[in-house]
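Try each one yourself before reading the solution.

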Amino acid sequence: MNVRTRTSYAVAGIATLAVLGLSACSSDSDTGSDSTTTDSASDTMTDDSTSDDMTDDSTEGSDDMAADPAANLVGPGCAAYAEQVPDGAGSITGMSTDPVAVAASNNPLLTTLTAAVSGELNPDVNLVDTLNGGEFTVFAPVDDAFAKIDAATLESLKTDSDTLTKILTYHVVPGQLTPDQVAGEHETVEGGTVEVTGSGDELMVNDAAVVCGGVMTQNATVYLVDTVLMPTM
């Protein structure tokens with residue numbers, strides 16, 4: 001993740017919302033009312049019927065996940081994750097109640113990632129407010145993924161703010177993508193693209209395997225992955 005400290009602040013722009021002014025008027029009266037609604041830019045629709053269909057699908061999916069955060073999980077490691085963290089703030093259910101950076105900090109599988117995004121690894125790189133302030137899909141490397149990186153490289157990230165920022169933001173895609181939506185090529189906050197292939201328990205993000213995906217937080221959908229994704233440097 002290489003973008004100078006200012007890049008980490010610039011990332012906050014991804015969380016912007018589009019404000020759409022909607023007006024309704026009656027053909028049989030002179031009175032009218034104006035209403036304004038706020039929605040994410042990705043949800044802006046120009047076709048009413050398409051908008052209605054997507055709203056219905058989104059509402060149904062949200063209701064399902066709210067009722068059972070584990071309903072749409074995919075990945076061969078979900079059972080092991082649930083067994084290791086059966087309850088509490090870092091569990092599948094517990095993470096669903098917190099914004100993503102807070103939820104990750106409570107997950108014992110994500111301690112290195114948490115240190116990297118919170119300023120603990122490098123004081124000049126803190127993405128907590130950014131991650132908590134928008135809607136994202138986060139490909140979250142587990143601790144074992146960071147263990148694959150040689151110690152010298154990890155040590156260098158403590159002072160190389162540009163590279164650390166570039167790597168971290170490459171793991172974040174604007175908007176929430178559920179497991180049935182995530183396959184395909186997606187532009188990341190870093191500016192590069194990631195490609196998600198496969199389905200079900202065989203999802204891949206570039207060359208990283210999804211350990212457990214579709215983990216919900218208050219504002220993000222998380223996919224735990226077994227390898228740190230590397231953008232083009």
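**Exercise 1.** Which residue stands opposite Val205 in E8?

Solution. Keep in mind that this is a predicted model. Start with the strands: E7 covers residues 204-205 and is joined to E8 by two bridges. The two strands run antiparallel. Now look across from Val205, and you'll find Ala208 of E8.

**Exercise 2.** Decide whether Cys78 and Cys212 form a disulfide, then find its handedness and what it ties together.

Solution. Check the distance first: the cut-off is 2.5 Å between the sulfur atoms, and here they sit 2.1 Å apart, so the pair passes. By this rule the model has one disulfide. Then take the torsion about the S-S bond, which is about 100°, so the disulfide is right-handed. Cys78 belongs to helix H3 (residues 78-84) and Cys212 to strand E8 (residues 208-216), so the bond ties together parts 134 residues apart in sequence.

**Exercise 3.** Are Cys78 and Cys212 buried or exposed?

Solution. Buried means under 20% relative accessible area. Cys78 comes in at 11%, so it counts as buried. Cys212 has 0%, so this cysteine is buried too.

Notes: Residues numbered from 1 in each chain as written. Predicted model: local features only at pLDDT ≥ 70, side-chain atom pairs only at ≥ 80, totals over all residues. Heavy atoms only, no water. Helix = DSSP H or I, 4+ residues; strand = E, 2+ residues; numbered from the N terminus. Buried < 20%, exposed > 50% of the residue type's maximum accessible area, 1.4 Å probe, protein only. Pairing = 2+ DSSP bridges.
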